[in-house]
Amino acid sequence: MARFDERLDRIVARGEELQALLAEGLSGAAFSQASREFAELDPIVAKVNALRATEQAVQDTQALLDDPEMRGLAESELAELRRRIPELEHDIRIAMLPRDEADDRSAILEIRPAAGGDEAALFAGQMFGAYQRYADQRGWRFEILEYDESELGGLREGIASITGRGVFARLKYESGVHRVQRVPATESQGRIHTSTVTVAVLPEAEEVDVEINDNDLRIDVYRASGAGGQHVNKTESAVRITHMPSGIVVAMQEEKSQHKNRAKAMKILRARLYERNRAAAHETRAADRRSQVGTGDRSERIRTYNFPQGRVTDHRIGLTLYKIDKVMGGEFDEFVDALTQEEQAALLAMDED
């Protein structure tokens, strides 16, 4: 506990130091760096101050126990104050946990059918719509970058940019294989089929995050095509960008403008390269591997959607909800909150080792 108190004292002292530096009128890069650090520390300092005030209130209230007239009231207040202290300490420990610097970013969502043919494509389209509804519920901007519809109305590939504060923190646990179990509309015998789709959520990257040399890019243009004549035009508006050092290929034909398709393709390429660099960095840190709650591995089966039984099960934490209609309507928060708490608990356990 003494070590914990020392850490809190250092945080408060650093917060005061940064506040003084900012008041002196820093400029340029020094101001930006100090501002960012202060913004991260200030909420923790506020929680520490609340804890210190509660601890002081405990001491002040204990002094009233000797007064017969105040004893009853003092005992009641002490019980409440002592209950709050561990809650405040827990909140502080959570706030002090190492944060993924990408958590505050917007995100790129990519959904593709995997096993299951037409049924997988249909479910991929439903999942794309579910995430769009989730974004709407949270007030995020959902921009479709690519939507390649199959002949039966399913989805061959869907890519969207989801813009807002903290989007990646909420959606990062969605990366992986999502399995659906249901009777397809085309199934005459009423047999349940199992299909899968893959979901990838990448933190959106800025140009300063990833250095891309134009000489490393091969850019091909071609005429767009699509089911039922969609996106078809007579000009070479579709763009395919190949990043030769990594082998990453991004094709874009959603827009009628070659310029717009190229801009969207570069946006996706930056996100994929940024995530590739992040994944490489995580591989070098055993602590991250130990604390990870199934984020980022696209080959991992993370969730099953069983329509006949109306249930959705997240296999990483063993959470089952019997509300499949609401989940498909975009209500993912129960899963996201539970996964976030599991991640925090794992990090806290490591911090206490």
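**Exercise 1.** State how many helices and strands the protein chain has, and compare its radius of gyration with that of a compact globule of 353 residues.

*Solution.* In this predicted model, the protein chain contains nine helices and 11 strands. Next, take the radius of gyration: a compact globule of 353 residues would have one near 20 Å, but the chain has 26 Å. Then take the box along the principal axes, which the C-alpha atoms fill: roughly 90 × 60 × 35 Å. Finally, 41% of the 353 residues count as buried.

**Exercise 2.** Describe the largest nonpolar core and the contacts of Leu 269.

*Solution.* Start with the members: the core has 53 residues, of which Met 127, Leu 269, Tyr 305 and Phe 332 touch the most other members. Helix H4 (residues 117–137) gives the most to this core, eight residues. At least three residues come from each of domain 2 (107–207 + 294–352) and domain 3 (214–283). Now take Leu 269: leaving aside neighbours within four places in sequence, Leu 269 contacts Ile 212, Leu 217, Ile 241, His 243, Ile 248 and Val 250. Another core, of 18 residues, lies apart from the largest one and includes Leu 8, Ile 11, Val 45 and Ile 92.

Conventions
Residues are numbered from 1 along each chain as its sequence is written. This is a predicted model: local features need pLDDT of at least 70, side-chain atom pairs count only at pLDDT 80 or more; totals for chains, interfaces and linings use all residues. Side-chain values use heavy atoms; hydrogens and water are left out. A nonpolar core is a set of buried Ala, Val, Leu, Ile, Met, Phe, Trp, Tyr and Cys residues joined through side-chain atoms within 4.5 Å. Buried means under 20% relative accessible area, exposed over 50%, partly exposed in between (1.4 Å probe, protein chains only). Helices (H or I, at least four residues) and strands (E, at least two) are DSSP runs, numbered from the N terminus. Domain bounds come from an automatic or database domain assignment. Contact means heavy atoms within 4.5 Å. The radius of gyration is taken over C-alpha atoms; the globule rule is 2.2 Å times the number of residues to the power 0.38.
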